[in-house]
Amino acid sequence: MAKPLGQYLLALDGSALPSRELIGGKAWSVARMLSLGLRVPPAVVITTDACRAYLDTGSVPEALAGEIDAAIAWLETATGRQFGGAKPLLVSVRSGAAISMPGMMDTVLNLGINDDTEAALAAESGDAGFARDTHRRFLELYANIVVKATLPENVPHEPASLRAEIASQGEAVPDSPREQLLAAVNAVFDSWNSRRARRYRQHHGIADSLGTAVTVQAMVFGNLDQRSGTGVLFSRNPLSGDLAPYGEYLHRAQGEDVVSGKFTPEPLSALAASAPEVHAQLMQAAATLEKENADVQDIEFTVQQGELFLLQTRSAKRAPQAAVRFAVDMVDEGRIDTRTALARVQAEQIRTLLKPRLADGATAGATVLAQGEPACQGVGAGVVVGDSDSAEQRAAGGEAVVLARATTSPEDVHGMIAAHAVITEQGGATSHAAVVSRALGVPCIVGCGAGTLAALHGESVTVDANTGHVYAGLLPVVTPDESDDPRLAKLHAWAVAASPIAVLRDGEAGAEAAFDLSEVEGGEDAEKLPALLAGKTVVRGGAIESDAGVAAALAAGVKTIVARHPLPVLLAAIHGAAG
């Protein structure tokens, strides 16, 4: 067990690995990296038990404030710094559920700063600009996450002006670091039930009862000087599945700058050029983490004055093509077995890969309206809309829509789910739009350029996220077949061996005997299948190829499904049988 600091708090000292369900994936990754001897800033975690108690009662457990005091004392000892003291300890306050929900819940950075600690930080670093920038960053995040205030763009970035504006919209930012921390913990707990988090859990079938842990970690500063920066590294390419590590880096910046999409980072080669030893250490750490976790890793890191710190690692969200390649390649490399590989590829990802793509010659003479960086491959077409509420409403009415935003935020998740494709003006391959679109399997292009997309609102377009082009009009497409791709064919063979139900293609022997749900009333409604499937052994048509349809077939004792695309049906059956 990590070192207990009370009923709801653990110090992460690398001595052992508590369960993900108790401390969340973020803290678990910190403990894991510490146990491997990797360099991670000291951290403590408030467990999911405290969150569930908060959600049940509407208030934090009575003992938690005292335990947080003990946790801060532990961090002060571990870092040799003081929370609110002359050698300031600042902390990050991060959410973290057992199942990764990237960008869905809240984080506050640089917490613990006030006018006095800003002055102390300036004296210690010798850079008043750095200290002021850190203070500004804290106030902006605290305003957004804790106070729920919106800062106008014309507010001066001076702390006094920011504090006055925040106070005018609700409540003042406390000077006391302890009061800041207690308020931030409550805000992170509240973010578990934010609209975007509930929508994401609903879409991915994640239980509302899990709750989030809160990781409180000593800050390291990527915005300190020219030898500092921050970045995100994937141990393999999460878009294509290529073996080469892939990532982005921003000099003199903090992590929120990368994921916000407001800045376009440089490739990792920029880090390799400016700090080759740090780059080499990062590559070695990525290889270690991928080997130990037997999965492709998404690693957040900070460089402070030429020194590498790892902040968190998790299994990478991956585009459908990458999901297939990761799974098959890792079996071939002897890192995982075929059952694990099948568990890592979702039926919906295969359906995405088998969706229509642009026909050969379709783009000849077509007008390119915009161009950016592919962030999640695929082709989507529809009418361009500029806000997520409209995207959701028009999609609910049966209209195909493409969501176009300057950049997305967690408040856009419902629109991204509804859209056939997402395009943004800003951001790179590790921005919010890119990460979430890969998690959702929605074709996405980022970084089309400032001011390029607003003029497209109301236009019908085709988004080719394989090449990064947005074309005028609805272009002709063709439908791929899983037998054409060697990795899909290999995955299909493994799935046939593991599936609890047989799946035939149209035209195969035995398919002619299938009961056709398309011929009966209600066959397109998965909720009506339990009654319609009673006594049937071979079935086709209607809603039978959906996940819900496959689940109904399993429950009804159906022996064989006839499908246009067998692989997603086989995967749905395997995952459904596994529970």
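Reply: This is a predicted model, and the mean pLDDT of the protein is 92. Of its residues, 99% reach 70 or more.

Me: Where is confidence lowest in the protein?
Reply: Confidence is highest in helix H13 (residues 338-343), at a mean of 98. Where pLDDT is low, the predicted coordinates should not be read in detail. The lowest mean, 79, belongs to residues 255-259, that is, helix H9.

Me: In the open sheet of eight strands, which strands stand at the edges?
Reply: The strand order is E13-E20-E19-E15-E16-E17-E18-E14, and the pairing is mixed. A strand at the edge has a single partner, so one of its sides is left without a neighbour in the sheet. This applies to strand E13 (368-371) and strand E14 (373-376).

Me: By what angle are neighbouring strands of this sheet turned against each other on average?
Reply: The value for this eight-stranded open sheet ignores the direction of the strands. On average, neighbouring strands are turned by 30°.

Me: Are the residues on the two faces of E17 buried or exposed?
Reply: E17 pairs with strand E16 (residues 401-405) in the parallel sense over four bridges, and Ala404 stands opposite Ile423 of E17. On one side of E17 lie Ala421 and Ile423, and on the other Val422 and Thr424. Both faces are covered, and these four residues are all buried.

Me: Which helix lies across E14, E17 and E18?
Reply: The strands concerned are E14, strand E17 (421-424) and strand E18 (444-446). The helix runs at about 40° to E14 and comprises residues 432-440. It is helix H17.

Me: Which residue forms an aromatic pair with Tyr54?
Reply: Four aromatic pairs are found in the whole structure. In the one that includes Tyr54, the ring centres are 5.3 Å apart and the planes are at 40°, a tilted arrangement. Tyr54 lies in helix H2 (residues 48-57), and its partner lies 135 residues away in helix H7 (residues 177-191). Both residues are buried, and the partner is Phe189.

Me: Which other residues does Phe189 touch, beyond four places in sequence?
Reply: Besides Tyr54, it touches Ile46, Ala50, Cys51, Leu55, Val60, Leu64, Thr212 and Val214.

Me: Why is the pair of Phe138 and Tyr142 tilted?
Reply: Both residues lie in helix H5, four residues apart, about one turn of the helix. Phe138 is buried, with a relative accessible area of 0%, and Tyr142 also counts as buried, at 0%. The ring centres are 5.3 Å apart and the planes stand at 50°, so the pair is tilted.

Me: What is the C-alpha to C-alpha distance between Leu311 and Ile299?
Reply: Leu311 belongs to strand E11 (residues 307-315) and is buried, with a relative accessible area of 11%. Leu311 and Ile299 are 12 residues apart in sequence, and their C-alpha distance is 7.5 Å.

Me: Which helix packs on the open sheet of four strands?
Reply: This sheet has the order E22-E25-E24-E23, with parallel pairing. E23 pairs with strand E24 (residues 538-540) over two bridges, and Phe515 stands opposite Val539 in E24. Strand E22 (502-505) and strand E23 (515-516) are at the edges, each with a single partner strand. The helix touches E22 and strand E25 (560-563), makes about 170° with the direction of E22, and is helix H21 (residues 566-578).

Definitions and conventions:
Residues are numbered from 1 along each chain as its sequence is written. This is a predicted model: local features need pLDDT of at least 70, side-chain atom pairs count only at pLDDT 80 or more; totals for chains, interfaces and linings use all residues. Side-chain values use heavy atoms; hydrogens and water are left out. pLDDT is the predictor's confidence in each residue, from 0 to 100. Two strands pair if DSSP finds at least two bridges between them. Axes are lines fitted to C-alpha atoms, for helices over the stretch in contact, and angles run from 0 to 180 degrees between N-to-C directions. Contact means heavy atoms within 4.5 Å. Rings of Phe, Tyr and Trp (its six-membered ring) pair if their centres lie within 6.5 Å; planes under 30 degrees apart count as stacked, over 60 as edge-to-face and the rest as tilted. Buried means under 20% relative accessible area, exposed over 50%, partly exposed in between (1.4 Å probe, protein chains only).
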